[in-house]
Amino acid sequence: MHSSGTLRIHELSPEEQTVYATLKPERLPEHVAIIMDGNGRWAGQRSLKRFFGHQQGARSVQMVTETASRIGLPWLTLYAFSLENNLRRPRAEVNFLMRLLKSYLESNVQRMMDNNVRIRYIGRTHDLPPEVQEKMRWAEEITARNTGTTLTLALNYGGRSELVDAFRRLAAEIQHKHISADHITEQDIHRHLYTAHMPDPDLLIRTSGEMRISNFLPWQIAYTEIFVTERYWPDFRGIHLLEAIADFQRRERRYGGLGEDCGEVEDDPERIHIAAS
Ligand code: FPP
């Protein structure tokens with residue numbers, strides 16, 4: 001069930017090891033997705049420009065990815081840049097985020113190699129500046145054969161536009177194969193998502209306290225457990241990932257079925273009289 005990368009628990013910090021010791025290794029999530037929020041507020045609290053918040057946020061990305069790789073988490077997906085960020089943020093901030101991404105990839109590929117991390121992307125990445133796309137491809141190719149954590153950055157990503165892209169491809173396919181629309185299944189839609197090669201997230205973390213999904217993986221998180229922390233992303237570290245996993249492990253996932261304390265199940269529901277309301 002888990003990645004073929006070896007566990008490197010001894011590389012966790014002593015504090016992380018203490019939290020890791022409380023986890024059930026056989027019930028680790030396979031896929032954790034994170035909405036990284038609060039960079040701007042983190043900077044604002046310190047009377048710094050928003051850019052500093054993003055810069056610190058990039059450090060959190062590396063730290064959290066390394067902890068994920070040490071515990072053998074197979075899939076980590078981070079919402080780094082949404083379609084809406086691209087359209088609605090000031091150009092100067094968007095340009096800064098693009099430069100930050102490029103420099104992040106340049107300076108962290110070696111650490112990804114050291115940590116057996118493979119990098120991938122989801123989103124309408126073909127609309128990003130060509131020099132950014134080039135750096136993205138470069139990092140993807142270098143890390144392609146790593147077998148530990150797959151770090152997926154959602155870039156110029158929007159959940160609804162992912163569905164539009166999927167439906168367009170599916171429509172072209174059924175037209176080409178002369179298949180009736182009545183035969184479309186959930187599996188067919190899944191096959192055309194950007195995430196077709198990954199399991200759905202088990203756990204979605206959102207930092208900075210907002211109770212929103214913000215158009216992140218809307219199809220994929222149908223049964224995902226959600227963990228919201230007040231902590232701003234630039235302050236989020238590996239230990240907080242482990243704490244979120246500990247919280248996740250205390251929950252019971254039912255996928256629409258019945259849980260342990262669900263009440264007695266009636267053997268013959270036909271016998272039950274339904275009172276008129
Ligand atoms: C949300 O904070 C964060 C973003 C819009 C961008 C996320 C980017 C990073 C974490 C850094 C770069 C990432 C990589 C992979 C190099 P916000 O600006 O919305 O914060 P606010 O809500 O407090 O204003």
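Reply: By class, the shell around the ligand is made of 10 nonpolar, 6 polar and 2 charged residues. Here Ala, Val, Leu, Ile, Met, Phe, Trp, Tyr, Cys and Pro count as nonpolar, Asp, Glu, Lys and Arg as charged, and the others, Gly among them, as polar. The model is predicted: local features need pLDDT of at least 70 and side-chain atom pairs count only at pLDDT 80 or more, while totals for chains, interfaces and linings use all residues. Residues are numbered from 1 along each chain as its sequence is written.

The shell holds 18 residues, and the closest to the ligand are N39, G40, R41, G57 and Y104. At least two residues of the shell come from each of α2 (39–45), α3 (50–70), β2 (75–82) and α5 (91–114). The largest share, 4 residues, is supplied by α3. Helices (H or I, at least four residues) and strands (E, at least two) are DSSP runs, numbered from the N terminus.

Two of these helices, α3 and α5, pack against each other at an angle of about 30°, with their axes 10 Å apart. Axes are lines fitted to C-alpha atoms, for helices over the stretch in contact, and angles run from 0 to 180 degrees between N-to-C directions. The two helices α3 and α5 are therefore roughly parallel, a term for angles under 35 degrees. On the α3 side the contact includes R50, F51 and H54, and on the α5 side it includes F96, L100 and Y104; residues are in contact if their C-beta atoms, placed from the backbone, lie within 7 Å. The residues of this contact divide into 6 nonpolar, 4 polar and 3 charged.

Helix α5 also meets α6 (residues 130–143); their axes come within 10 Å and cross at roughly 10°. Hence α5 and α6 are, therefore, roughly parallel to each other too. By class, the contact of α5 with α6 has 10 nonpolar, 1 polar and 4 charged residues.

The strand in the shell, β2, belongs to an open sheet of 6 strands in the order β3-β4-β2-β1-β5-β6, with parallel pairing. Because β3 (118–122) and β6 (225–228) stand at the edges with a single partner strand each, one side of each is left without a neighbour in the sheet. Strands pair if DSSP finds at least two bridges between them. Between β2 and β4 (residues 150–157) there are 7 bridges, and Y79 has A154 in β4 as its bridge partner.

Conventions:
Near = placed C-beta within 6 Å. Parallel < 35°, antiparallel > 145°, perpendicular 65-115°, else oblique. Contact = placed C-beta atoms within 7 Å.
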